[in-house]
Amino acid sequence: MFRRMKRVPRQNISTKIKEVKKATKDIINKSRVTESQYKNRLKTCNDCIYLMRSTNMCRVCGCFMKIKAALPSSVCPLGKWSLRDSSVNPTQHDDGCENSD
Ligand code: SF4
């Protein structure tokens, strides 16, 4: 039997633009979350029905999670993880967050 996919929630375009601006600042400033925060975020995404596992992309926001999860200003569009679990770590992520699949 086929498992029906839940309808994908839409993200407001102005919210999306604001998030992209914040993410760009994080990338320029080389701001990253800590290793444990990064792993916790990825674990949450891996358990989420909206993650496309083949590309590691979120169906709700359209972002590549290996990159988005490393940025302190990033938030899950469904509130599963947020700024509250973040702190800025100015060093480059060991995990190679720039090496998206
Ligand atoms: S960002 Fe949120 S909605 Fe998207 S895959 Fe991760 S947990 Fe799911």
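So, burial: of the 101 residues in this chain, 26% are buried, where buried means that 20 or more other C-beta atoms, placed from the backbone, lie within 10 Å of the residue's own, exposed means 12 or fewer, and partly exposed is in between. Keep in mind that this is a predicted model, where local features need pLDDT of at least 70, side-chain atom pairs count only at pLDDT 80 or more, and totals for chains, interfaces and linings use all residues. Residues are numbered from 1 along each chain as its sequence is written.

Okay, the layout. The chain has three helices and two strands, and from the N terminus the order is α-α-β-β-α. Those are DSSP runs numbered from the N terminus: H or I for at least four residues for helices, E for at least two for strands.

Now contacts, meaning two C-beta atoms, placed from the backbone, within 7 Å. Of the contacts in the chain with a separation of 6 or more, 69% are between residues 24 or more positions apart.

Let's zoom in on Tyr50. Where is it? In the loop between helix 2 (35–46) and strand 1 (51–52). Tyr50 counts as partly exposed because 18 other C-beta atoms lie within 10 Å. Setting aside neighbours within four places in sequence, Tyr50 is in contact with Val8, Cys58, Arg59 and Val60. Arg7 is 43 residues away from Tyr50 along the chain, yet their C-alpha atoms are 9.5 Å apart.

Last, the ligand. It is surrounded by 13 residues, the closest being Cys45, Cys48, Cys58, Cys76 and Lys80; the cut-off is a C-beta atom, placed from the backbone, within 6 Å of the molecule.
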